[in-house]
Amino acid sequence: MDIKSKRLKDQLTRRITSLTPKEFEHFVGALFGKQSWIKNIKVTRYSQDGGIDFDGDYHPPGISVPYKFIGQAKHMKSKVGGPDMRNFLGALGQYPAGSIGYFVSTGGFNTEAIESSQSWPQGRVELYDLNRIIDMMVDDEIGLRPSTHSLMEMDPEFWSFTDDK
């Protein structure tokens, strides 16, 4: 990784970790909303959301009928454990067969959570830790814009959902 890439990733890490939990949910909604394979994404209300922070349609190229997807966004320093993952899988189980789950956690996932997600028989579960989030932003140029000083910089318009404008 070159110096400019490392600097950008460090900036993104600081920016994402400085978000409030509510802002993080909106960040995740905005992040996935920029993907061409995600349609009709919406962020649920902040509390008493039944364990679902965002949902929408997963519509990859070549598929005529989209799959439903739901997601959980955990903005914390510690790793997601088995109980949180099982709660999420229980919520995912209420959706039609073949639905896809996206679990996003800045703290990552412990072994029990990873194993639970991999053994889920009713569909696919994608795990996103902070590094995967940042890689997705850099690779797909989400929340970034060209800069005269470096290859990319953070785009203030993307981050407009936060309180500190």
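The model is predicted, so to speak of local features a pLDDT of at least 70 is needed, side-chain atom pairs count only at pLDDT 80 or more, and totals for chains, interfaces and linings use all residues. Residues are numbered from 1 along each chain as its sequence is written, and side-chain values use heavy atoms, leaving out hydrogens and water.

**Nonpolar cores**
- The largest nonpolar core has 28 residues, and I16, F24, F27, I133 and M137 have the most contacts inside it.
- Such a core is a set of buried Ala, Val, Leu, Ile, Met, Phe, Trp, Tyr and Cys residues joined through side-chain atoms within 4.5 Å; buried means under 20% relative accessible area (1.4 Å probe, protein chains only).
- At least two residues of this core come from each of α1 (3-17), α2 (21-33), β2 (54-58), β3 (67-74), β4 (100-105) and α5 (130-140); helices (H or I, at least four residues) and strands (E, at least two) are DSSP runs.
- A second, separate core of 14 residues includes I52, V80, L92 and A113.

**D57, a buried charge**
- D57 is found in strand β2.
- D57 is buried without a salt bridge, and K68, the nearest side chain of opposite charge, is 4.5 Å away; a salt bridge needs a side-chain nitrogen of Lys or Arg within 4 Å of a carboxyl oxygen of Asp or Glu.

**Helix α3**
- In α3 (residues 82-92), the buried residues are G82, M85, F88, L89, A91 and L92.
- Their cover includes β3, β4, α4 (111-118) and β5 (124-128).

Definitions and conventions:
Buried < 20%, exposed > 50% of the residue type's maximum accessible area, 1.4 Å probe, protein only. Lys, Arg positive; Asp, Glu negative; His and termini not counted. Contact = heavy atoms within 4.5 Å.
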